[in-house]
Amino acid sequence: MAFSRNFIEELKKRNNIEEVVGRVVTLKRSGANLAGKCPFHSERTPSFYVFPATSSYYCFGCGAGGDVVTFVMQTENLDYREAVEQLAKRAGIKVEETDTPRSSAPAVKRERLWEINREAGRFFYRALLAPEGANARAYLIKRQFNSATVKMFGIGYAPGGYDSPLCAFLISKGFTPQEILTANLGRESKNGRLYDVFRNRLMFPVADVNGEIVAFSGRRLNEEDERKYINTSETPVFKKGKVLFALNLAKNSKSGSFIMCEGAPDAIAMHQAGFDNAVATLGTAITPEHARIISRYVRTVYLAYDIDKAGRNATLKGIDMLNQVGVDTKIINLGTETKDPDEFIKKFGADAFRAKLTGSTGQIDYSIDEIISRFDISVAEEKLRAAGEVTKFIASLASRPEREVYCERAAAKLGLTPESLRAEAERLAKKNTRKAGGEYAKKALDTQSGYGDTPNADKLRFSSEASHEEAILGILLVRSDLGPAAVNELDENDFATALNKKIFALFRDDFASGSELVLSKDGVLSPKEIGALEGCRASRLALGDNTEDALRAQIKALKELRSRADYDKKIENDPSGVLKEYLESLKNKVNDKKPEDQNGKGS
Ligand SMILES: [Zn+2]
């Protein structure tokens, strides 16, 4: 065992699960427990629960579950040891040294990557103020970034040339070539020399949600350079599909909404103009991960992408992603005079932009306009095709009154009567509901019967056994004091399904001593397996009957099923032998009765 039981217990006690989960998920009280929207799958209504009594969490939607350690592992992409170390640091307890070698430990520690990025940020900032940074400063003046903004965002300059001043600086600060390569600040040439990744570029440090610099976005200063932006490639501390530029600032905004921009400079310009809720993705469209992260902080997002085709596509994708997590989207229509929000603010001022926010189009109107704009509706055939596409879109809206309203609006835009759209929209809507219902039922059935990606594949073959096994494990997770009683009556061979058998064997000693289980124990169980166990626990917590009697009843039922299965197997293997045995037993029963009967007759 890598860490002692005492250490892990102390760690869990000092890291309250409500607090640890609460940093990521907005939790609301629900009876004795807390509920929120699951951070592991996209959903509109909460099916993710935290159980303070057992220091555990479980999602009824996707089956994710575990304790504080697994939660940190899953939300921050850490391995078991890293998660333990982070929680220990947070609680101010010393990590105990273990003799077990760190098998899956990364070659470069995350702390070192934060440090190296911090140093690089300082280097770029100093270079901006040095004589060599004149070009970069001129660009900032052109974009009207003031010195307070430059300081707040730590904007800097990566000097040009192939003498690689950054790499040389980092080596002088004691970083190893491996650390420089892992942080993606340097690359290795064919003859083995380190060179700087960013050359002659304006540098925007990218911070994670906690404000640690995890990457850089470098904009070209020489318009002849091929790529306008170079962003840090993914590193152990930077996953671009998960990081939003300026989220560390925007999360503190009082506005209750985010403004989503296309790149770092746009978001910075927006902050300078007083919109402290601007964020940007880095070289990607909004990902499902982004959407989930956003949904933790706000309920509304204004999409302020460029007005070109790429911007329109990004807007449509953003609407879709954000809708799936229940975040409302509004689209800012800046007209055709300027090409992006930054230009608009420069030309018309922040107040005019604020007015655009209040007058922004809802996502539905935007989508309808977008669809219609793809057709030339002055041509009858095109108009009909536009009507068809719009109707299909309206049919996807959830409520009937909503569909009515948008049928009317779309019809007016197309120059048709609302009735002409309505009947078709309703017909399609009904079809959609049926399809969705069917899919949902199938998914529920699959999960229950052990299909799909459940960790316990045997569940399909042994469904009755599995239900008793899960009840037993669930009760033991809720009531560790019943463990000794269970171990007296059960051993792992009483379990029919492989996963439950393995779990019982793994925790046998803990059951026997009646102590609390640590499911994340050394990372032996996979997150899916831990999730399955938390599912057993959550079901029993919901059911409520977790007495010793209930446990014994489940054990009895499981054993009966198992002995019946043994009997069936015997018949299968040796039908005549079993039949003979059976007849013998009947004969014995008859013989046992005989004397009684004779006695009865005789008296
Ligand atoms: Zn979930």
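## Close-up views of the predicted model

Figure 1. Helices (H or I, at least four residues) and strands (E, at least two) are DSSP runs, numbered from the N terminus. The model is predicted, so local features need pLDDT of at least 70 and side-chain atom pairs count only at pLDDT 80 or more, while totals for chains, interfaces and linings use all residues. Residues are numbered from 1 along each chain as its sequence is written, and side-chain values use heavy atoms, with hydrogens and water left out. Strands β9 and β10 pair in the antiparallel sense over 7 bridges; two strands count as paired if DSSP finds at least two bridges between them. The hairpin that β9 and β10 form has 5 residues between the strands, and Gly211 in this turn has a positive phi of about 90°.

**Figure 2. Strand β9 is mostly covered, with 7 of its 7 residues buried.** Buried means under 20% relative accessible area, exposed over 50%, and partly exposed in between (1.4 Å probe, protein chains only). Arg201, Met203, Pro205 and Ala207 point one way from β9, whereas Leu202, Phe204 and Val206 point the other way; all are buried. In the protein, buried residues make up 45% of the 603 residues.

**Figure 3. The zinc ion has Cys38 (SG), His41 (ND1), Cys59 (SG) and Cys62 (SG) as its protein donors, at 2.1 to 2.3 Å.** Donors are N, O and S atoms within 2.8 Å of the metal (3.2 Å for Na, K and Ca); water is not among the atoms, so sites may look incomplete. The site is tetrahedral, with angles of 104 to 116° among the 4 donor atoms. Four donors count as tetrahedral if all angles lie between 85 and 135 degrees. The spacing of the donor residues in sequence is C-x2-H-x17-C-x2-C. Because His41 lies in the loop between β2 (33-36) and β3 (48-51) and Cys62 in the loop between β4 (56-59) and β5 (65-66), the pair ties together parts that are 21 residues apart in sequence. Cys62 counts as partly exposed because its relative accessibility is 38%.

**Figure 4. Ile371 is found in helix α16 (residues 363-373).** With a relative accessibility of 8%, Ile371 counts as buried. Residues up to four places away in sequence aside, Ile371 touches Ala386, Glu389, Val390 and Phe393; contact means heavy atoms within 4.5 Å. Ile371 and Phe393 are 22 residues apart in sequence, and their C-alpha atoms are 8.9 Å apart in space. Among contacts in the protein between residues at least 6 apart in sequence, 62% join residues at least 24 apart.

Note on methods. Four donors count as tetrahedral if all angles lie between 85 and 135 degrees; four count as square planar and six as octahedral if opposite donors are over 155 degrees apart and all others between 65 and 115; anything else is irregular.
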